[in-house]
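Please prepare a short briefing on the structure shown below.

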There are 2 protein chains.
Amino acid sequence: MRTTINDIARLTGTSPTAVSFVLNGKDHKRVHPAKRQAILDAIEKYGYRRNMAAKGLTMRRAFRIGICVAGRLDQTRVLAAAGHYGLVSQAAARLHESGYGIALLQLDLALPLPEACRRLVREDVDGFLFINFPVMALDRLLFSMAERRIPAISVGAAVEGAHSWVAIDHERSFELGCIHLLDAGLRRLVMLDTDASRVSSEAKRRGYERAMRARGLEPLPTVASVASGARGACDAARAALETVPDVEGILLTDNGHAAVVQMALSGRALRLMGFGDDGPARECDPPISWMSLPVHSVADAAVDHLLRWIDAPEPPPPLQRRFDCALIAPGA
Amino acid sequence: MRTTINDIARLTGTSPTAVSFVLNGKDHKRVHPAKRQAILDAIEKYGYRRNMAAKGLTMRRAFRIGICVAGRLDQTRVLAAAGHYGLVSQAAARLHESGYGIALLQLDLALPLPEACRRLVREDVDGFLFINFPVMALDRLLFSMAERRIPAISVGAAVEGAHSWVAIDHERSFELGCIHLLDAGLRRLVMLDTDASRVSSEAKRRGYERAMRARGLEPLPTVASVASGARGACDAARAALETVPDVEGILLTDNGHAAVVQMALSGRALRLMGFGDDGPARECDPPISWMSLPVHSVADAAVDHLLRWIDAPEPPPPLQRRFDCALIAPGA
DNA sequence: ATGAAAGCGCTAACAC
DNA sequence: GTGTTAGCGCTTTCAT
């Protein structure tokens, strides 16, 4: 039988009330310093651990947040460009710092909505973070949660309506990367789309075109990989050289195959600009510049809003915000 | 206020006992079929959901298992060859099927043991799965859990002592892959070590050498990549060609850069045998054979044992088992 | 400043 | 076959 709050009270000649207050740091002008110390000592001595189920029962709170991913955590290669693991990891870390537990839920998108909702609800958590869910699924999911008054936020994907979400501004970020090369004096810039998921390719193309046009340059045709994987990326890189023989710089939509593209292009004096996860970008030799996914900011913003929401008496106005990537220039 | 078991009892003119029994499917010869149906209907009609905190309080169980990873979930590139995400994902899926919730915990290995234990204990779960933890940390961690009578298993890493673990037999699996090429009539086989973590390189080399010697062949020197990443793998592949000009087959210790190695070797008529995650292996063109990580078997075995352990009155004898990789031969 | 006591929702032993 | 009841460990109001 585990030590309980009553045991500690008896052992120290105090009451469960006092112990509870000490435990929760609410002993401002309540518990006498001497008693307080005695209680603290007993807690340490007997290795007391508070029973979270009992606390949850009383407080009507689980002190746990559900981190929900679409499908399975290991079948997410296509989302590499979205910093999937980084978002999950950072959100979990931030929640932990705030004293919350993390319930991991892999939600099968093939499930009908009612069944999906049932699974969400069964998790019994105080709120949900939907990481990189397809926009299609989000509206109904978030709506269902709102209906049940369960705070929920989309992380990584922007969604229409009165929902809360935090996402990466792919368009603006890609534009910034492009501007960086333009500022370096390059003019013949080609966008190389090697992202197997193509989820944000359109946004990136808009960013690219805006940057080019702002300098009075006509955008060049985008070259997209046909096959997936390293070979597809290589072929696309070579195709880019054929399509635009005098190319001066190449903008990658996805760092996934940056090192491979670099190798395929070696010998050519052109500048590479990456986009996405830092890991693969760092493998490049010589180093390249890249637009780094703001996973930290995105996850933190989502978590902070969610926790405020949970604590608030009324649902706060929805959080809807896009973050820019940061330019990483190892040479600088 | 959420509907409770008492509400359902009152609404159906029965007792909380009856509702509880129906809820838990223990109404064999207990609840009258008519009442049973009425209860079921009311549950559906009023959208009753059982309060897991209350259940947990009564049953002294959390119905939740902690999935614990070393460091952060997104800083695990080195563990690609260990099928890290696959193990996490499959364990989570299996637990979910068994009605358990998943508490995700990223344990910082830099933490001193007492603090690490405190964090583990705070999770309040019924048991732990330590996924791909470094062997160094495992003994003390598992021991601490045993001391506190919390069931815990190492998944992916074998550990000395009386602990439970399930792992991949890298040595035997690599031997099997090697035998496959030998059976195909190849003789000049070289092992190419492109695994940045080198965690299981030694075991693989033993498997390779055993297979070679069993055929009366002298093992050839292993070629290891110097730099990390795609470029390192490429360089290593070319080095292999120089070291053993008449090489007939190359055994990769890690599928991570299989496609890249294949490209670097294109033009040479030699056979490639991969090892590790299926994802990168499938990107190869033409397709290669590879030894596929038994993440499914490993995770399932661990979960099943853990759940039995939790339900058992006495701790069962430790589970210690290695699984072989399966040969995937797309051409067949 | 302090403790007694009333639940929170559920399970299971017990009496009918 | 059925309902009553006593907790499980904690928080918090209320009276002191």
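Predicted model: local features only at pLDDT ≥ 70, side-chain atom pairs only at ≥ 80, totals over all residues.

**Interface of chain A and chain B**

- The contact involves 45 residues of chain A and 45 residues of chain B.
- On the chain A side, A:R231, A:M263 and A:E283 lose the most area to chain B, and together they account for 16% of what that side buries.
- Elements of chain A that give two or more residues to the side touching chain B are α4 (52-59), α5 (84-97), β2, α6, α10 (229-243), α11 (258-265) and α12 (278-282).
- Of the chain A side, α5(A) supplies the largest share, with 8 residues.

**Helix α7 of chain A**

- Helix α7 of chain A covers residues 135-147, and its 13 residues should span 18 Å at 1.5 Å a residue; the end C-alpha atoms are 19 Å apart, which agrees.
- The buried residues of α7(A) are A:A137, A:L138, A:L141, A:L142, A:S144 and A:M145.
- Down the axis of α7(A), these buried residues fall within an arc of 160°, so they line one face of the helix.
- An α-helix has 3.6 residues a turn, so residues three or four places apart point the same way.
- Exposed residues A:M136, A:R140 and A:E147 sit on the face of α7(A) turned away from its buried side.
- The cover over the buried residues of α7(A) includes β2 (101-107), α6 (113-122), β3 (127-131), β4 (152-155) and β5 (164-168) of chain A.
- Just after α7(A), A:R149 has a positive phi of about 60°.

**Loop residue A:T253**

- A:T253 is found in the loop between β8 (249-252) and α11 of chain A.
- Its relative accessibility is 0%, so A:T253 counts as buried, the cut-off being under 20%.
- The side chains of A:T253 and A:D193 are joined by a polar contact of 2.9 Å.
- Apart from neighbours within four places in sequence, A:T253 is in contact with A:F174, A:M191, A:L192, A:D193, A:T194, A:D195, A:K204 and A:F275.

Note on methods. Residues numbered from 1 in each chain as written. Chains lettered and ligands numbered in written order. Heavy atoms only, no water. Helix = DSSP H or I, 4+ residues; strand = E, 2+ residues; numbered from the N terminus. Expected span 1.5 Å × (residues − 1). Buried < 20%, exposed > 50% of the residue type's maximum accessible area, 1.4 Å probe, protein only. Arc of directions from axis to C-beta. Contact = heavy atoms within 4.5 Å. Buried area = accessible area lost by both parts, 1.4 Å probe. Polar contact = N/O pair within 3.5 Å; in protein donor to acceptor, adjacent residues only side chain to side chain.
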